[in-house]
Amino acid sequence: MTHTEFQRRRTFAIISHPDAGKTTLTEKLLLYGGAIHAAGAVKSRKAKRSAVSDWMALEKQRGISVTTSVLQFEYDDVRWNLLDTPGHNDFSEDTYRTLMAADCAIMILDAARGVEPQTRKLFHVCRLRNTPVVTFINKMDRPARDAFALMSEVEEVLGVSTVPFTWPIGSGDLFQGVYDRMNEVVNRFERSAEGQAKRAQVRVAGIDDAELETLLGEEAAQTLRDEVELLDGAGEKWDTARFLDGEITPVFFGSALTNFGVEPFLHSFKDLCPPPGERTASGAITVRPGDDRFSAFVFKVQANMDPAHRDRIAFARICSGKFEGGMRVHHYRLGKTVRLNRAEQFFAQERESVMEAYAGDIVGLYDPGLFRIGDTLSTDGPMSFDAVPRFSPEHFGRLQLLDPLKRKQLQKGILELSEEGTVQLFTEPGREKDPVCGVVGRLQFDVLTFRLEHEYGAKVTFDLLPYQHARWVDGAASCEELRARRIPMAVLDRDNRVVALFRDEWELGRAQRDNESWTFHETAPIVAAA
Ligand code: G4P
């Protein structure tokens, strides 16, 4: 029997730089999705500044239970799975790995700031899997940069073509709304006394309709006409296949805070965001979401979800078939069958036991210590996805143990934390006692110091190293070989693979040019033994 439930699933993530409006847009999407019912703009976000997930902050402010990692809601006959991509202080490799479980991403840009560093990194990770990206340019109610300049920046910095689906009419105090190019409709932005936008939709008979003058004023109407003409004439043409390959991004303008443009955006997003697609497993097996065979991979393991119990939840993305509570599955890395007893799904309001779920869904599996990031679970015998790689860390520090008597505790702690995916461990031949730790977000060093002391009793400190990039080197057999070729630092990863560290892109580029017989990989598979 083929399963079709997956066709109703849309599994996506939001990528943005801090302060672009991710929390605000998420909240608005949840409002439309009926998942929360609070009206009004979000008041205070101070709680968010601490090292907790954005949603936990939202939860605190709202007094509702928006439990982390994945949110589900129903809207327009679609079951949406919105994956939390931790940002701000808790930006870490988890953020990258989460993107591996998404079928589409919304990229939010602040209209006054354009493409910022964190957006660039996250976009780059989407590119690794050719994940389609839909762009929402936010804060149009405030002074914004020229819309053409924003398009050029996206194209130049991110290397993706843009196709504006809507186009702004003014910005800041002069913001009048957007022209919906696909439907030839002007969506008027009108401020209400409470600062909320009222959306008046005015259908115009194309961009040449004389109504435009009356509606927007002569100058604004003419500017809009000129700009749309330029877009129609010189702009990129829409091509769904290229969008699905991650080569073009549709662009929408709006203002999440005032609610302007959010609903039409969600409406269009429903058509743009693809349902779960095929994935490839090792041995060149093509897994289709409608297959009978159940398959899923673990992309995140979260400890201490409930501070009262030290429980762990493993988040698994279903790729095919049907999940049933209590089912028996093959655990590829352990090479044995396990029973998936307690599983939960996360509706915006609550954690609920899940009895069935389909491709595209995320289930939170109660984890008695069985699961690691990258694990594949399947029925009908063993199979393995290479779905979650290790990413190049961006900060490196040499771990120093402050109390030499605690070496055992340290080793246990650091091993467990690296298995959990909090840190990547490297060793430098000759200095095995002082491992090099790599993380994606700098704050992870503080998290590690804290957890090693409080959970394992080992007081440590990190000597920061000046490297920013790690590359797994194919073709070189040893660290000595790398050092002989002027590679600044050579280390081994947990699986004894040779890794080169570089201070900057220039050093990396030089090493690539000088050693053409080697391949420098920016990600590495998480090796999972059968
Ligand atoms: P983030 O999760 O991406 O970090 O962004 P968040 O939604 O927290 O938004 C960052 C700030 O930008 C917030 O203001 C938020 O109110 C504001 N903001 C979001 N969308 C819009 C928009 O469309 N227009 C305008 N004008 N502002 C927007 P804040 O001062 O940091 O917090 P607060 O004043 O809301 O407490």
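Modeller: In this predicted model, Asp-361 and Arg-9 form a salt bridge, with 3.0 Å between their closest N and O atoms. The two residues are 352 residues apart, so to speak at distant parts of the chain. Arg-9 belongs to strand β1 (residues 9–16), whereas Asp-361 sits in the loop between β21 (356–358) and β22 (362–366). Side chains of opposite charge can pair when their charged atoms come close. The pair of Asp-361 and Arg-9 is one of 38 salt bridges counted in the model.

Next, the open space. The second largest pocket holds about 590 Å³. Its lining is made of 23 residues, and those nearest the pocket centre are Lys-121, His-124, Glu-394, His-469 and Glu-505. Two or more lining residues come from each of α4 (117–128), α5 (147–158), β29 (469–474) and α13 (505–514). Of the elements, α4 contributes the most, with eight residues. Sorted by class, the lining has 10 nonpolar, seven charged and six polar residues.

Two cavities of 30 Å³ or more are present in the structure. The second largest cavity has a volume of about 50 Å³. Around this cavity are Thr-166, Val-178, Asp-180, Asn-187, Phe-252, Phe-253, Gly-261, Pro-264 and Phe-265. At least two residues of that lining are supplied by each of β8 (177–180), β11 (248–253) and α9 (262–272). By class, the lining of the second largest cavity counts five nonpolar residues, three polar and one charged.

Finally, a word on confidence. Mean pLDDT for the protein chain is 86, and 86% of the residues reach 70 or more. Over residues 37–67, however, pLDDT stays under 50. For that stretch the model has 69 contacts beyond four places in sequence.

Definitions and conventions:
Residues numbered from 1 in each chain as written. Predicted model: local features only at pLDDT ≥ 70, side-chain atom pairs only at ≥ 80, totals over all residues. Heavy atoms only, no water. 1 Å grid on protein atoms, 1.4 Å probe; cavity = no way out; pocket = protein on both sides within 12 Å on 5 of 7 lines; lining within 4 Å. Points joined across faces, edges and corners; volume = space filled by probe spheres on them. Helix = DSSP H or I, 4+ residues; strand = E, 2+ residues; numbered from the N terminus. Nonpolar A, V, L, I, M, F, W, Y, C, P; charged D, E, K, R; others polar. pLDDT = per-residue confidence, 0-100. Contact = heavy atoms within 4.5 Å. Salt bridge = Lys/Arg side-chain N within 4 Å of Asp/Glu carboxyl O.
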